[in-house]
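Thanks for asking me to look this one over. My notes follow, as numbered points.

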Amino acid sequence: MESVLTVEGLYGGYLYRKPVIRNISFAVGKGEMVGLVGLNGAGKSTTIKHILGLMTPEQGEIRVNGTTLEENPEGYRRSLAFVPESPELYEELTIREHLELTARVYGLDRGEFAARSEELLKLFRMTEKAGSFSRHLSKGMRQKVMLMNAFLIQAPLYIIDEPFLGLDPLGIRSLLELMAAFKAKGCSFLISSHILSTIEKYCDRYVVLDRGETAARGTLAEIRAQAGLPGDAGLDDVFFRLAGSGEGGGL
């Protein structure tokens, strides 16, 4: 399978020679959805920050669409879209102006922008709010704006941190439908979430982190076997065995 994201032997953290994550390796294939799971402090956010280029690896390599950030900064960044756990918006801009700004940055023509933005506004039931300033929105609505901006550009790789946090049931359903549709088009996803019962239904493979190391990786059947659990065990059971009990090991 063609890889959109490859992480090889990644070591890194906030202090030099004191890595928070150690020897992290995994890949996300084209049209694949991979779940990044772990307890708080397991290294999920640190791993994501390295992929985004917000932190520099002490050791290892990260490639998006075959290139590193150092080789092609613009191409690397244009190949991914990121939705953070906490919405970050400009209070002086309306929802539609946020979308227009994203379209300009990524070079969408007016026709593409008009069609995509209206479709997203309708999907997330935000059409009537399009002229509202972000400071007047609830947290859930602000999260929807972040999601609409990310999906407006139709990037090869989506990195989404806690995608369901703050969304109402209809918002969650809209997001899941949108991710499934983009996945069918060949887009790839790396999703960090604690809602294991939901991502179990949608992810192709998983990376389980425990105390900064890889406790398991692979399909549900593969990580189930790595955890020593029977064939009917769900992702919740696997996660508890690998991380919750403190018995998870590295690969």
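**Notes on the model**

1. Let me begin with the cysteines. The closest cysteine sulfur to that of cysteine 203 belongs to cysteine 187 and lies 15 Å away, which is too far for a bond. A disulfide would need the two sulfur atoms within 2.5 Å. The structure holds 0 disulfides, and cysteine 187 is in none.

2. Are these two cysteines buried or exposed? Cysteine 187 is buried, with a relative accessible area of 10%. Cysteine 203 also counts as buried, at 10% relative accessibility.

3. Please keep in mind that this is a predicted model. The average pLDDT of the protein is 93, and 97% of the residues score at least 70. Residues 247–251 are a stretch to treat with care: pLDDT stays under 50 there, and the model gives them 16 contacts beyond four places in sequence. Where pLDDT is low, the predicted coordinates should not be read in detail.

4. Helix 5 covers residues 139–152, 14 residues in total. From first C-alpha to last it reaches 20 Å, close to the 20 Å expected at 1.5 Å a residue. Just after helix 5, glutamine 154 takes a positive phi of about 55°.

5. How many residues of helix 5 are buried? The count is 12 of the 14, so helix 5 is largely enclosed by the rest of the structure. Among the buried ones are Arg142, Lys144, Met146, Leu147 and Phe151. Their cover includes helix 3 (95–105), helix 4 (110–123) and helix 6 (169–184), along with strand 5 (80–83), strand 6 (157–161) and strand 7 (188–192).

Key:
Residues are numbered from 1 along each chain as its sequence is written. This is a predicted model: local features need pLDDT of at least 70, side-chain atom pairs count only at pLDDT 80 or more; totals for chains, interfaces and linings use all residues. Side-chain values use heavy atoms; hydrogens and water are left out. Helices (H or I, at least four residues) and strands (E, at least two) are DSSP runs, numbered from the N terminus. The expected span of a helix is 1.5 Å times one less than its number of residues. Buried means under 20% relative accessible area, exposed over 50%, partly exposed in between (1.4 Å probe, protein chains only). Contact means heavy atoms within 4.5 Å. pLDDT is the predictor's confidence in each residue, from 0 to 100.
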